Amino acid sequence: MTMSLLDIMRSASVIPVIAIDDPAHAVPLARALVAGGICVLEVTLRTPHGLGAIRAMAEVPGAILGVGTLTQPDEFAAARDAGAVFGVSPGLTPALIEASRKSGLALLPGVMTPSEVMAAREAGFRQLKLFPAVPAGGVGMLNAIGGPLPDVTFCPTGGISIDTAPKFLACKNVACVGGSWLTPKDAINAGDWAHITELAKAASALRVR
Ligand SMILES: O=C(O)C(=O)C[C@H](O)[C@H](O)COP(=O)(O)O
């Protein structure tokens, strides 16, 4: 059964934004997150190991892989072939809209203003990433957008923590939040997978409303 992007977002509460510096970290990291109840994993293309990590992590039972930092059209098909079932970009351009359609990879595009929300909606996107969420105005911005533009659902990302996530998740137009706080580099480099599982447990205990 294929999950829609909205189903994936609703199943998540928190989507960890992951950057893999060492390919050997990919599988133990995915296992640690899934063990803590965090199953939707966004692996960014910020490092050269992104695609390889998606391929490896997609084999971990229970993990649902997304690709992050999509900025080039040719990355869509490559990420899909590696096992990503959705993609996330920091913004939206005509070339990315076309690449999403051609590849069939569901896209969660980044927006940060009402005009960008309206342009994304015109292009057919109803699930959006508010990025960067805190500099863009955070909860106040989400509530303000929800008035005139109530038919879009957000995954705010950028500047959110375990302490501030609940107030984002309480917004009517938020299905989940994204963040890098679940995957601190010092814990990953130390192989402290138990700590990552603890962070994941705390995050997966947060529920929308
Ligand atoms: O890499 C991307 O594609 C991005 O869009 C940026 C990430 O979503 C944020 O960097 C996560 O934000 P923090 O939780 O504040 O670290």
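1. T69 counts as partly exposed, because 19 C-beta neighbours lie inside 10 Å. The cut-offs are these: a residue is buried if 20 or more other C-beta atoms lie within 10 Å of its own, exposed if 12 or fewer, and partly exposed in between, with C-beta atoms placed from the backbone. Phi of T69 is near 60°, a positive value in a residue other than glycine. T69 sits in the loop between β3 and α4 (75-82). Helices (H or I, at least four residues) and strands (E, at least two) are DSSP runs, numbered from the N terminus.

2. A word on the source. This is a predicted model: local features need pLDDT of at least 70, side-chain atom pairs count only at pLDDT 80 or more, and totals for chains, interfaces and linings use all residues. Residues are numbered from 1 along each chain as its sequence is written.

3. S13 also has a positive phi, of about 65°, although S13 is not a glycine. Most residues other than glycine have a negative phi, and most peptide bonds are trans. S13 belongs to strand β1 (residues 13-18). S13 is buried, with 20 other C-beta atoms within 10 Å.

4. P132 lies in the loop between β7 (127-130) and α7 (138-146).

5. Now the overall build. The protein has ten helices and nine strands. Its radius of gyration is 16 Å, close to the 17 Å that the globule rule gives for 209 residues, so the protein is as compact as a globular protein of that length. That radius is taken over C-alpha atoms, and the rule is 2.2 Å times the number of residues to the power 0.38. The C-alpha atoms fill a box of roughly 45 × 35 × 30 Å along the principal axes. Of the 209 residues, 46% count as buried.

6. Six strands form an open sheet with parallel pairing, in the order β5-β4-β3-β2-β1-β9. Its edge strands are β5 (106-108) and β9 (176-179), each pairing on one side only. From one strand to the next, the twist averages 30°. Two strands pair if DSSP finds at least two bridges between them.

7. Strand β3 (residues 64-68) is joined to the parallel strand β4 (residues 86-88) by two bridges. Here V67 stands opposite G87 of β4. With β2, β3 pairs in the parallel sense over five bridges. L65 in β3 is the bridge partner of L41.

8. Five of the five residues of β3 are buried, so this strand is largely enclosed by the rest of the structure. In a regular strand the side chains alternate between the two faces of the sheet. Both faces of β3 are covered, with I64, G66 and G68 buried on one side and L65 and V67 on the other.

9. Helix α3 (residues 50-57) lies across β2 (40-44) and β3, at about 155° to β2. Axes are lines fitted to C-alpha atoms, for helices over the stretch in contact, and angles run from 0 to 180 degrees between N-to-C directions. Two residues are in contact if their C-beta atoms, placed from the backbone, lie within 7 Å.

10. Around the ligand there are 15 residues, of which T69, P90, T157, G179 and S180 come nearest. A residue is near a molecule or strand if its C-beta atom, placed from the backbone, lies within 6 Å of it.
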